[in-house]
Amino acid sequence: SEVYPYVKRDTSFKKLADEDVAFFKSVLSESEVLEASETEDLAFYNEDWMRKYMGQSRIVLKPKSVEKISKIVKYCNEQRLALVPQGGNTGLVGGSVPVFDEIILSVSNLNQIRSFDPVSGILKCDAGLILENADNFLAEHGYIFPLDLGAKGSCHVGGVVATNAGGLRLLRYGSLHGSVLGLEVVLPNGEILNSMDALRKDNTGYDLKQLFIGSEGTIGIITGVSIMTPTRPKAFNVSFLAVDSYESVQKVFVKAKKDLSEILSAFEFMDCHSQALTKKHLPDSPYPFDDDYPFYVLIETSGANKEHDDAKLESFLESAMEEELVVDGVVAQDETELKNLWQWREMIPESSQAEGGVYKYDVSLPLKDLYSLVEAANVKLEEAGLVGDAPKPVIKAVGYGHVGDGNLHLNVAVREYSKEVEKALEPFVYEFVSSKHGSISAEHGLGFQKKNYIGYSKNKEEIKLMKDLKQHYDPNGILNPYKYI
Ligand code: FAD
Ligand code: 2HG
Ligand code: ZN
């Protein structure tokens, strides 16, 4: 391929033929099959959110039932036709789009709530249900989806499970490995594995669903999700704070855990560079501060009693100011202000690529070393003469993320994608992370971007076991090929 000169199409995969399309059309209705044509270029499905990865698939299948998915997958396995499972296509590692001509299997037509139990809080739904729709449904019943992220308006419940997304409230609600109770999965041979009736407690043998959580569409297509949802907090507070140093960010975190304890629901941090890009991208939104500061922290509290939460937050802020950990700060006074404050955090991903493109690194690091990666990346890019005003390719390396979970997002904003920039950053970033015993993927997965770098975070034995599992479930390798496995 001209697009990816370093990967070759696997010739054991059949190229889509007329008889295959005829088969798909015998199983699916007209509206469930999209074929490339003069009026339909399928770019929406072939290209990823960052506009960095682009496949060349000529067909998208959007089955409306699990049985139809099962028939299609069985056929593709027998015919050696490669498939890419796709959710909302908001993934950030090039995992959700084809590399060559793989058939795109979108679960977006599988988007219904199956059941909700208002006593236990267990939600059962189709995988293609949009996360925000799931949360809005739960809100009507006084419950909340135990995961929130900036892409909620587009990403699917199945997609977040397939990537084991972390998001903005992992600090409070934990990982999906804990909250997902059961799954319905179509295996690469077309069989349907169903654990949707799983219970909160069930120690009967291997916990098979865990294998699919975070597997990124490589060993099964998730079609249904059963998840434990917590009650929705009655009161939310958001406070946006300015901090002088990364050292103080850590101290504010320790203090927030101590003083806010059970009501702390998010602790996010942003550096001044990420905020400079966001301000440029949102020129009409009033920024909370007139001055610039090196770091910012967004703290969310949520609980059952507004007065109690307000009092706790107020006394925390007073003493953080007194101790000079925080140099300036605002607290949202109403729902609109609360959303406005959140946008300075949630809009960074979009802002960081607004001028052309972005290289993203999503890493876990020991908290004390977390920000040093951003500093090291900027030094490296400056030494290589790549950063500065146009025509230099790099605008800036910026850092932000879920500091409460030890998860940094290093985004290198560029005017255009360039091999030179990529070479300066990779494997440099991965080596840096590995030297600190971090993880090269905290929450986005490996996908296509990090397919060659898994060895920086997993040892040989672990990688072998993963390959054995892949071989066992998908001996023909038809599911999401060319990706990390
Ligand atoms: P897709 O992008 O369609 O797919 C992602 C991967 O999962 C692919 O490998 C695909 O093959 C596979 N897949 C999708 N659906 C299925 C299925 N039903 N069965 C099997 N495999 C499937 N991530 C975080 O962890 N935390 C964040 O805070 C966060 N914020 C984000 C903010 C923005 C603005 C954006 C664009 C992305 C963000 N992400 C975040 C990335 C995150 O991975 C996705 O938003 C989400 O998890 C992907 O869901 P999706 O439905 O779009 O899946
Ligand atoms: C976030 O936390 C997402 O906003 C996206 O995980 C991070 O774009 C990124 O690098
Ligand atoms: Zn994130």
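Reply: The residues around ligand 2 are Leu 92, Gly 150, Pro 349, Lys 360, Asp 362, Gly 401, His 409 and Asn 411, where a residue counts as near a molecule if its C-beta atom, placed from the backbone, lies within 6 Å of it. Strand E14 (357-364) and strand E16 (407-414) are the elements that give two or more residues to this shell; helices (H or I, at least four residues) and strands (E, at least two) are DSSP runs, numbered from the N terminus. By class, the shell around ligand 2 has two nonpolar, four polar and two charged residues, with Ala, Val, Leu, Ile, Met, Phe, Trp, Tyr, Cys and Pro taken as nonpolar, Asp, Glu, Lys and Arg as charged, and the others, Gly among them, as polar.

This is a predicted model, in which local features need pLDDT of at least 70 and side-chain atom pairs count only at pLDDT 80 or more, while totals for chains, interfaces and linings use all residues. Residues are numbered from 1 along each chain as its sequence is written, and chains are lettered from A and ligands numbered from 1 in the order in which they are written.

As for the helices, Asp 20, Phe 23, Phe 24 and Val 27 in H1 meet Lys 68, Lys 71, Ile 72, Tyr 75 and Gln 79 in H3, contact being C-beta atoms, placed from the backbone, within 7 Å. The residues of this contact divide into five nonpolar, one polar and three charged.

Elsewhere, an open sheet of four strands has the order E1-E2-E4-E3, with mixed pairing; two strands pair if DSSP finds at least two bridges between them. Its edge strands are E1 (33-35) and E3 (83-86), each pairing on one side only. Within it, Val 60 stands opposite Ile 104 in E4.

Conventions. Two residues are in contact if their C-beta atoms, placed from the backbone, lie within 7 Å.
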